[in-house]
Amino acid sequence: MTWDADAVLAASNEWAWVPDGAPRVWTEEYLVAALPTYFITPTQARVFASDRDPAELVDEVHAQAADWGREHIWWTLSDTTRPTGLETELLRRGARVTERADVLALPLDGGVPDLAVPADVEVRRVVDEPTLLDAFTVSNDAFGGEKPTREQIDAGLASLEQPEGAQPSGRVVAYVDGRPAGVGGYTLAGPVCRLWGGGTHSDLRGRGAYRAVLAERLRITAALGATLGLTHGVVETSSPILRRAGFTRYGEERELALDIAPPADGASADRSA
């Protein structure tokens, strides 16, 4: 297919993920999910497309999250989110923008570009507990977080056992001087390689680990049939690196954090899982 701007933005807007077992309501209009509390943004909402009144939609999503006992929610919006007044409504209720990310894409029909990865950087796929712990080491340093619990480790190991027919996904770790230096995940959704969780350990920046992780994920998914690399690069950090690597900016996503007010009438939403 031709990856024009509309196709890229549509692929970006369709990108949503919830870990197995996490409560969620997933409709044609929106997704709201209660992830485990060790996630940085444990209660998430994303609107795909709706023609409803923004206030009505927010009330419905917040009622569901409150029914799960959640007090805070993180909304993801894009330049193409409908209803168009949703962001204004969230800001009116006191939401704050916590992250801005560029929608970035790279066609792969011409092959994976040469990212000039240094020869002394080694990349390994996460396939067992030692490599999983190395991935946690880099992620926690890059994004913040505590030492992983046994629950998190077991959940990570379980994710390595992908059932037949599941979207191919995984993580890779880059090593510099034998130390875990970079990490990044990927999911193949049809012809789209979704690139997520890319980061570098603060002690080993500038050594090529980020480029090594990026190149390996593109190589793996291109071999599986991906024709587009798609990611959301934080405006202040990873976006400039990705654009230098050949990615093109197509728009912006914003994450807004908001406290959940209890429904005025005491009503709660139907439970779903």
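**Reading the cores of a predicted model**

Author: Leucine 214, if its neighbours within four places in sequence are set aside, is in contact (heavy atoms within 4.5 Å) with Leu115, Leu195, Leu242, Ala245 and Phe247. This is a predicted model, in which local features need pLDDT of at least 70 and side-chain atom pairs count only at pLDDT 80 or more, while totals for chains, interfaces and linings use all residues. Residues are numbered from 1 along each chain as its sequence is written, and side-chain values use heavy atoms, with hydrogens and water left out.

Reader: Which residues have the most contacts inside the largest nonpolar core?

Author: In soluble globular proteins, nonpolar side chains tend to be buried together. A nonpolar core is a set of buried (under 20% relative accessible area, 1.4 Å probe, protein chains only) Ala, Val, Leu, Ile, Met, Phe, Trp, Tyr and Cys residues joined through side-chain atoms within 4.5 Å. Here the largest has 26 residues, and Leu214, Leu218 and Phe247 have the most contacts inside it.

Reader: Which helix gives the most to this core?

Author: Helices (H or I, at least four residues) and strands (E, at least two) are DSSP runs, numbered from the N terminus. Helix H6 gives the most, with 8 residues, and the elements that each supply at least two residues include H6 (209–223) and strand E5 (96–107). Apart from this core lies another, of 20 residues, among them Ala45, Leu57, Val58 and Leu77.

Reader: What share of the 273 residues is buried?

Author: Buried residues make up 47% of the 273 residues in the protein, whose C-alpha trace spans about 65 × 45 × 35 Å along its principal axes.

Methods. Buried means under 20% relative accessible area, exposed over 50%, partly exposed in between (1.4 Å probe, protein chains only).
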